[in-house]
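Look at the structure first, then read the points.

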Amino acid sequence: MNTKIFVMGHKAFTPPEDPIYQPMQVGRAENESLGDGYLGDDTGENISNLNHLFGELTGMYWVWQNYDGPEKYIGINHYRRYFTDPDGDFLDDEKISTLMETHNLIASERIASEKNYKKTYQEAHNINDLMTVKDSIEKLCPEYLVDFENLLSMKAVYSGNLMIMNREDYNEYCKWMFEILFDASESIDVSGYDLYHARVFGFLSEGLLQVWAMHHNWDVYEAHIGYTDEKAETKELKLAVAQLLKKHKYLEAEKMFNDVMTARPDLQLPMSDIRKELPLIQQILYIGNKERELEMVGLFVESVNLAELMNIYKRHYENLQVLSKDSTLEEITIARDNLLAHHFTSVALEVMLEYDMYKKYKCEPLNAEKLKYLEIV
C-alpha cells in the first residue's frame with residue numbers, strides 16, 4: 001500500500017471502507033474521545049489544544065510530527081469530503097499511485113469566483129489577518145512573496161486543505177506553512193472572534209497550498225470532491241428548527257435560524273448545505289410567521305413538521321409552475337384547486353414569486369391578472 005489518507009473529523013463519522021483511509025479525531029485534547037478506530041491528535045508532539053484556532057490543521061500537524069508509517073504518499077481528507085474519480089468513486093491506492101507518477105500534488109478542483117481571493121476573504125473574515133500572513137512571509141521567506149501576491153488576485157484557488165502528496169513534500173510543506181502561521185499568530189488577536197471566526201489559522205492556511213504549488217511549479221491534478229453528508233452544523237441547525245416548530249415556537253425558530261446564519265455564513269455554501277434546503281427553510285419560516293402576524297390560515301396550520309412543510313412548499317411551487325405557463329384548462333383548474341385546498345395565502349404567493357427558488361417559472365412575472373381571475377389573490 002503506497003498511500004495513507006488521514007480523514008479529519010471532530011465528530012463520529014463513517015469513513016470509506018478502503019484501508020488507505022484512516023479516521024482521525026482532531027481537537028481530542030479538549031473533547032471526549034470518539035473511541036476505537038480513530039487516531040487522536042493529542043499524543044506525541046501535538047497542538048491538539050489549539051484546535052479551536054487551527055481546525056483540521058491540528059491533525060495535519062500531528063501527522064507531520066508523529067506518523068512514521070511506510071507509505072509513500074500522505075493525504076488529507078475530511079469526514080464528509082473526499083477525492084473522487086470522474087465516475088464519483090473514492091480514489092484508491094492504485095488510482096492515487098498512477099496519478100502521482102505524473103503529478104506533484106492532488107488537490108481539490110478550483111472553484112471559480114467573480115471576485116479575487118483577497119476580496120472573497122475580506123467579505124468573510126478579517127482582511128488584516130491575511131495581510132499579517134503576508135508580513136510573515138515577507139519576513140521568513142520573501143522569495144514566496146510574489147506568489148502570495150498572485151494568490152490575492154486569483155479568482156480560483158484550492159480550498160479546504162484537501163491534498164495528497166509525496167511524504168517528503170508533505171513534511172516540507174508543513175514545516176513551511178506552520179512556521180508562517182505560528183509567526184502570524186503572534187500578531188493576530190482573536191479575542192473578539194466568535195467560535196467560527198476564531199478558527200482563523202485554518203482559513204488562512206487554505207490559500208498557502210496554492211502559494212506553495214505555484215512557487216515550486218508543481219504539476220497539480222485537480223480532483224473532484226465528493227460529499228458524503230452535510231456539514232454537522234448544518235444538520236444541527238435543521239434539527240433545532242424542526243424541534244422548535246414541533247413545540248409551536250415559530251418566532252423563536254426564525255430568530256434562531258437567522259442568528260445562526262448571520263454568525264455562520266459558511267453554512268449557506270453548497271458544500272455545507274448539499275441538499276440546498278436552508279434557503280427553503282428561511283422562506284418557510286418567514287412566510288409562516290408573516291401569516292400568523294396577519295392572522296391568516298397558512299403554512300403552520302397545514303403542519304408543524306419541517307419535512308412536511310418543505311414538501312408542502314415544493315407542491316405549492318409546482319402548482320405555480322403550472323399556472324405560469326400555457327397549461328390546459330384542466331391542468332390550471334387542478335393546480336388552482338390544490339393551492340386553495342392547502343391554505344395558500346397572498347403572503348406565500350408574494351414571497352414565492354419574488355424569489356422563485358428553483359428558477360422555473362415560465363413567465364416573468366407570473367401573470368397577476370390570471371391569479372386574480374382564478375381567485376388565488
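Tyr61 is buried, at 7% relative accessibility. Buried means under 20% relative accessible area, exposed means over 50%, and partly exposed lies in between (1.4 Å probe, protein chains only). This is a predicted model: local features need pLDDT of at least 70, side-chain atom pairs count only at pLDDT 80 or more, and totals for chains, interfaces and linings use all residues. Residues are numbered from 1 along each chain as its sequence is written, and side-chain values use heavy atoms, with hydrogens and water left out.

**Aromatic pairs**
- Rings of Phe, Tyr and Trp (its six-membered ring) pair if their centres lie within 6.5 Å; planes under 30 degrees apart are stacked, over 60 edge-to-face, and the rest tilted.
- The count by this rule is 22 aromatic pairs.
- One of them joins Phe13 and Tyr38, edge-to-face, at 5.5 Å centre to centre and 75 degrees between the planes.
- Phe13 is in the loop between strand 1 (3-9) and strand 2 (21-25), while Tyr38 is in the loop between strand 2 and strand 3 (39-40), 25 residues apart.
- Helices (H or I, at least four residues) and strands (E, at least two) are DSSP runs, numbered from the N terminus.
- Phe13 is buried at 11% relative accessibility, and Tyr38 is buried at 14%.

**Tyr61 and its partner**
- The ring centres of Tyr61 and Phe178 are 5.1 Å apart with planes at 90 degrees, so this pair is edge-to-face.
- Tyr61 lies in helix 2 (residues 57-66) and Phe178 in helix 7 (residues 167-185), so the pair ties together parts 117 residues apart in sequence.
- Phe178 is buried too, at 1% relative accessibility.

**The cluster**
- Phe54, Tyr61, Trp64, Phe178, Phe182 and Phe201 form one aromatic cluster.
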